Amino acid sequence: MSETIEYARSVALHSTTDARGKSGKTVTLTAAQALVRYLAALRVMGDDGTPEPLFGGVFAIFGHGNVAALGEALYRYRESIPTLRAHNEQAMAHAAIAYAKANFRRRMMAVTTSIGPGATNLVTAAALAHVNRLPVLLLPGDIFVSRAPDPVLQQVEDAQDGGISANDCLRPVSRYFDRIVHPAQLLTALPRAISTLTDPAQCGPVTLALPQDVQATAYDYPESFFEPRLVEFRATPPDASELHAAVEVIRQAERPLLVAGGGVLYSKAGQALTALAAKYGIPVAETQAGKSSVKWNDPLNLGSIGVTGSPAANDLAREADVVIAVGTRLSDFTTGSNSLFLQARVIGINALVGDALKHDGLPLIADARVALETLIDSLSGWKPAETWTRRARDAAAHWVAQVDTLTAGKEKRLPYDADVIGAIQRSTPDSPANDIVVCAAGTLPAELHKLWRAGAPGAYHVEYGYSCMGYEIAGAVGVKLARPEREVIATVGDGSYLMMNSEIASSIALGAKLIIVVLDNRGYGCINRLQQSCGSPSFNNLLDDEAPHVDFALHARSLGAESEHVDDIAGLEAAMLRARASRRTYVISIDTDPAKTTDDGGWWWEVAVPEVSDREAVREARAAYEQGKTQQKERH
């Protein structure tokens, strides 16, 4: 902040009338300088009650669309807002998104790229942030507004629309999009961008496309625009009539179930959820985004729900008469493609109306924490059926014991994911609460959802809204930057590792030490099993014996990490201790079984099977698919 103030004093500062007709002091800055200075001035209240920067930094890969003007601005303000180097534009956006998720959306990062491929590499990450309702500010360079040098290097031309650029690919995956064609636009665009990034309902990616010549253009900005300001996060209370309707429905319930989504974590509502469950004896199930909302060993925590759910959660969900869905968008993996809550009335507690209405939900539009605290008082005198609460406690206890068995890793065979998960958690020297596991795609999210024991909010960081291969290592970098005091463990399959591993080098350069466990099952084991369950033979998913065997440990070492390959679960446990003791990123690879998964739990998931085929196996799979469709509730 001190450099920002000193720089403001050193530039042209004078009294005049600004573009809005208000008399006051202005400061002459380029659009790029103004943008960076504005971001650097924003503050948010930290957990300790002291203000801290809203933006933790700007990830940047420079090119001809952003190096001259925005690069100069980032250098100028490098003490106020750090610039971080990465090796892949999609990956650095993943890291920025993970940083925001690990901070429960209270802090965030910006990402800047050149025009052309640098900008379009952001599209996948923007879609991931959009689906998961996570904030990230995207600042891709753009073509010249003047069009004097058209077409410039990497420019995508449109014969019907001269205003189109590659950045327009980001429109459908941005919550707010703006192209800054004049420096004065920042006076309205930046507050709108921050409003979207911090809005509990509309939170998601924001794109400000920055034409090269506009970035470098100077303008007299009001000095007041850059004054430090504290960003407040709204916690909307429930509407009285909606609250009354929800309470009346719950009071009639005998078999209620709480479903914790990501909104519980983002509104810091875990304690309120636990208190509501304990006071009234309501069991809790967790979505992928909501896992770690309640401690894994809470007596009413049934574990994961849905397609990747535990038997405890799914059995009770099938019989619940009221489902209180808190901060979840009720995706198909949570609802079993709308086949799981057939007997239940759904109450949707959500900041976003569209999510609250899903599954024919009775909406309670509110901040999750405020709504849950209100329900604690409003339900006084009511209790579910005693047999329901007792059954929930028994089911939760049985599942905790079963997880012990499933992750013991004592069988002498090629290990599978559950064995690896158990070894990781047994290797912790104290409590698993200090570990944060990061994952995204393949079989691992299903196994982790069932089996990972999250001891604290945020200890489970799995991106499954977009299920994006390649997020794992890059995301882990962002998590470590957000939580440097925690051990961050990325679990990744060989397929995802090969798709995006460059940020191993970034983790070394940034001093963001990770533990990366690579499970090598020689291909895409998850999709291979899905393929076979739909009646097709194994095809184009697993690598045959002729394909090269990748030495992941050697590859990671070439990127600067410490690494080793282990032969079995005992070797993995020993390697994990060495990895925990290391001060730099440590990669461990282990061969795993591509066919075996945890049989316990799970639920039907709609994957369309061919209606006609000359294969008997496909026809049988189609019949099973049609049977599953009969269980499906009509979607609203």
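This text looks at one helix, then at aromatic pairs and charges over rings, in a predicted model.

Helix α9 covers residues 240-251, 12 residues in total. From its first C-alpha to its last it reaches 16 Å, close to the 16 Å expected at 1.5 Å a residue. Five of its residues are named here as buried: Leu-243, Ala-246, Val-247, Val-249 and Ile-250. They cover an arc of only 160 degrees around the axis, and therefore lie on the same side of α9. Ala-240, Ser-241 and His-244, on the other side of α9, are exposed.

The aromatic side chains come next. The structure holds 8 aromatic pairs. In one of them, the ring centres of Tyr-219 and Tyr-221 are 5.0 Å apart and the planes stand at 75 degrees; planes over 60 degrees apart count as edge-to-face, so this pair is edge-to-face. Both Tyr-219 and Tyr-221 are buried. Phe-225 and Phe-226 also form an edge-to-face pair, because their planes are at 80 degrees, with ring centres 5.3 Å apart. Phe-225 and Phe-226 are buried as well.

Two rings have a charged side chain over the face. Arg-106 lies over Phe-233, at 4.9 Å from the ring centre. Lys-291 lies over the face of Tyr-460, where the distance to the ring centre is 5.5 Å.

Definitions and conventions: Residues are numbered from 1 along each chain as its sequence is written. This is a predicted model: local features need pLDDT of at least 70, side-chain atom pairs count only at pLDDT 80 or more; totals for chains, interfaces and linings use all residues. Side-chain values use heavy atoms; hydrogens and water are left out. Helices (H or I, at least four residues) and strands (E, at least two) are DSSP runs, numbered from the N terminus. The expected span of a helix is 1.5 Å times one less than its number of residues. Buried means under 20% relative accessible area, exposed over 50%, partly exposed in between (1.4 Å probe, protein chains only). The arc is that of the directions from the helix axis to the C-beta atoms. Rings of Phe, Tyr and Trp (its six-membered ring) pair if their centres lie within 6.5 Å; planes under 30 degrees apart count as stacked, over 60 as edge-to-face and the rest as tilted. A charge sits over a ring if NZ of Lys or CZ of Arg is within 6 Å of the ring centre and within 35 degrees of the ring normal.
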